[in-house]
Amino acid sequence: MGVGIEVTNLNAWYGANHTLQDINLPIPANHATALIGPSGCGKSTFVRCLNRMHETNPIAKVTGSVRIGETDIYADASPVEVRRRVGMVFQRPNPFPTMSIYDNVASGLKLNGFSNRRALDEIVERSLKHAALWDEVKDDLKKKSGASLSGGQQQRMCIARALAVDPEVLLMDEPASALDPVSTSKIEDLIFQLKSQYTIVIVTHNMQQAARVAEKTGFFLNGRMVEFDSTHKIFTNPSDKRTEDYITGRFG
Amino acid sequence: MLLCAISIFAIVALIAIELVLQSQMSWHKFGLPFFYKFNVDPDTHMPLFWDPVNGTFYALPFLYGTLVSSLVALAIAVPLAVGVAIFLTEMCPRFLRSPLSFLTELLAAIPSVVYGLWAIFVLIPLLREHINPIFIGIFNAPLTVKFFGWTGLVGDDGLFGGVNLGLGLLAAGVILAIMILPIIASLTREVMTSVPNSQREAVLALGATRWEMIRVAVLRNARIGIVGSIILGLGRALGETMAVAMVIGNNPEIHRSLLSTGHSMAAVIANEFSEATSDMHRSALVEIGLALFLVTILVNGLARLLVWAVTRGTPARVN
Amino acid sequence: MRARIQENRTRNSIRAFTDHLATALAILATVLVVAPLIVIFVYLLYKGASSLNVAFFTQIPKPEGETGGGMANAIVGSGMLLAIASLLGIPIGIGGGIYLAEFGRGTRLANAIRFTADVLNGVPSIVMGIAAYSLVVVPMHHYSALAGGVALGIMMIPTVTRTTEEMLLMVPHSIREAALGLGVPNWRSVLSITLKTASPGVITGCMLAFARVAGETAPLLFTALGNQFWSVNLNREIAALPLQIYIYAQSPYDDQHRLAWAGALVLIVLIVLAVSLVRYVASRGILKGAS
């Protein structure tokens, strides 16, 4: 089961650039939450603060609190611990080219010490099924390298890889933006099915995508969160004029 | 312009042709056994490889010395160089990065003869008085001989047996290690840096520690190139002339001990060519040069291919 | 049901420990490498500086056993050898580099040439010496400065070719396009613009090759041979700095050792200057048309 995320007074910097300002956000468990906004508004930075990837950049800084379930991920846990519980799928698929499909999906588990062959086989199969990729690769699991798949398949494999470690939260940073429409719709179907078991946060440029998959949507602008509400409300009757301008395409 | 560029091919061809031509005399006389046969000294009953006065020219001791000193150099340099590369690429604080890499570049550019000079006056006494005795103590201790005598590597006939002069195979290996370290380190750095950041992020996002990230994302992806840079280091060690000539002892014999003096392919040419006593002598030296030429071309060619395979595009910067 | 990774405390602390151990080892390796190298440097500087005096630069070596003297003939000799080498190596090298960067880019031939140049750089310099011996010394029937210069020049060609190519490639395409857009008449003009932009880099690349070749001893052992006396005759043996260092390092006389250290220092200074200059030029982006 997924857990909820509580973000309080989150501020983030890249060097002198105040990228995120006073973000407060309750992200509900077992739902998909979409984050929309124009380029450079800080939504990717926000998501990277949720699994402490933001701080891998030496000039990055974060203040505020992020609670995932019971844990304040900055005060109560190490980055490594956080990332074990929070999975991430990146904008461009990044499979490990030197590993087979099987090894790719199992990599997170192996790092955590899983060595039981049978258990690994089971989890790899289950993760690939969850990611709707099993049927396409089940015969080539160990023969083909992770990088030899098509773009859409690679991304689904990366999703399987993230799911294999059984995270409580799944973060997706524009997961379909580098993919063709067919792969995109497959991934959207995937999110639809996954959200009942995980808490999903998805950053997207594509408003129609947000409308299709997410129950809640947050609109970011210039490092601030302008409005956060049910997706339906955001897209039909937004409270803030800026949100309305963005939705109707006046900018962005 | 094209002509100028083609000159590179011309140079290689010229070198190859001259080497082959000048070594004909020796090749015709000795053939392939040149590289492994030996005579026996009638007085001492010891193998006799290289005796210009009597016309005995067999090259095995030089092959042996070149190989042993290069292998010792690799054994010392590779772990250190890879460690430095990992530190500089993944762990080093920003402000240190530039000075350290500047230092590495400088060290790669120091002439061989200067390394040799330092080796004669600093390294050899250091080895003789402080470092070799440690190894001798460990390897030749009665207890060690008792338990490991069967390996043939300990005791007075072993790796550290015989007289401790300071110079010899070990000294050559050490100075070579110092000389090839910067090359291996900077090339390894280059291949490690060429691994895209998205790979690093992917591993980190799965909850890996930094070392695990380095192991899985960087080293694993770059391993072909790292092997290439090691082989390049080997190539440089094989051909090193001056520093080796100054510390290896210039003794055309084969002994098991690392403390013994020996010789190398490049060093014997350096030492004897200008004073060669006969045409056959000179021809034999050229034949050794030809062998050296072929070996280094092969090794360097292979290494460049491997590095190129990882970094793709213009191969590594000229060293 | 889904499997959950047990938060295995022991395993995680082992992983954290391994991480720290790896960091420690990497730092250790760096220290083990850097510290002795700095020591070598400082030692060289110290020994060399204490031996440098005016006599070093003005006198020729005294007969064995006598103190004093200098390496003036070796310095001049090296200068001559390098002049010959540069005359041979730099024009051909730059020409080759221009070809690789401007005309042959991407062609199989250019790739083959580039690869060969890199491989040639790895061939031991003593082999170059043998080639120069056969090509120059044998037909002339005697050793000569010319032979030494040729040996060094051949060594410079692949190095200069590659650095020239690299520096030219750094010139942004926009500059070439600007030249074309201005209706500059032919390829020669475009070339002169590109070359001019890259010239600081090309020059420093030549300097680097120059410094590298200045320290080479092996190719000179049986071409230039070395000379105890003043000589600037191309047709005769000539002294050279690295050769002299080699000989003196192995002599029994302390005074000659002293001279060897001083000579080594001169070479080192040359190297440091060249490398620093290259880094400076590359980092300032002078090549990109900035000033």
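A residue is termed buried if 20 or more other C-beta atoms lie within 10 Å of its own, exposed if 12 or fewer, and partly exposed in between, with C-beta atoms placed from the backbone. The structure is a predicted model, in which local features need pLDDT of at least 70 and side-chain atom pairs count only at pLDDT 80 or more, whereas totals for chains, interfaces and linings use all residues. Residues are numbered from 1 along each chain as its sequence is written, and chains are lettered from A and ligands numbered from 1 in the order in which they are written.

View 1. Helices (H or I, at least four residues) and strands (E, at least two) are DSSP runs, numbered from the N terminus. Because nine of the 11 residues of helix 3 (residues 101-111) of chain A are buried, this helix is largely enclosed by the rest of the structure. The buried residues are I101(A), Y102(A), N104(A), V105(A), A106(A), S107(A), G108(A), L109(A) and L111(A). They pack against helix 4 (117-130), helix 5 (134-137) and helix 6 (151-164) of chain A, and also against helix 9 (210-239) of chain B; contact here requires C-beta atoms, placed from the backbone, to lie within 7 Å. Just after helix 3 of chain A, G113(A) adopts a positive phi of about 95°.

**View 2. Strand 3 of chain A between two partners.** Five of the five residues of strand 3 (residues 32-36) of chain A are buried, so the strand is largely enclosed by the rest of the structure. A32(A), A34(A) and I36(A) cover one side, T33(A) and L35(A) the other, and all are buried. Two strands pair if DSSP finds at least two bridges between them. Strand 3 of chain A pairs in the parallel sense with strand 8 (residues 199-203) of chain A over four bridges, and T33(A) stands opposite V201(A). Strand 9 (residues 216-221) of chain A also runs parallel to strand 3 of chain A, joined by four bridges; here F219(A) is the bridge partner of I36(A).

**View 3. The side of chain B that touches chain A.** In this interface, 15 residues of chain B are in contact with 18 residues of chain A. Helix 8 (197-205) and helix 9 of chain B are the elements giving two or more residues to this side of chain B. The largest share, six residues, comes from helix 8 of chain B. By class, this side of chain B has six nonpolar, five polar and four charged residues; Ala, Val, Leu, Ile, Met, Phe, Trp, Tyr, Cys and Pro count as nonpolar, Asp, Glu, Lys and Arg as charged, and the others, Gly among them, as polar.

**View 4. Helix 1 of chain B against helix 5 of chain C.** The axes of helix 1 (residues 2-22) of chain B and helix 5 (residues 125-140) of chain C come within 9 Å and cross at roughly 75°. Helix 1 of chain B is therefore roughly perpendicular to helix 5 of chain C (65 to 115 degrees). Axes are lines fitted to C-alpha atoms, for helices over the stretch in contact, with angles from 0 to 180 degrees between N-to-C directions. L14(B), I15(B), E18(B), L19(B) and Q22(B) meet V127(C), I130(C), A131(C), S134(C) and L135(C).

Technical notes:
Parallel < 35°, antiparallel > 145°, perpendicular 65-115°, else oblique. Contact = placed C-beta atoms within 7 Å.
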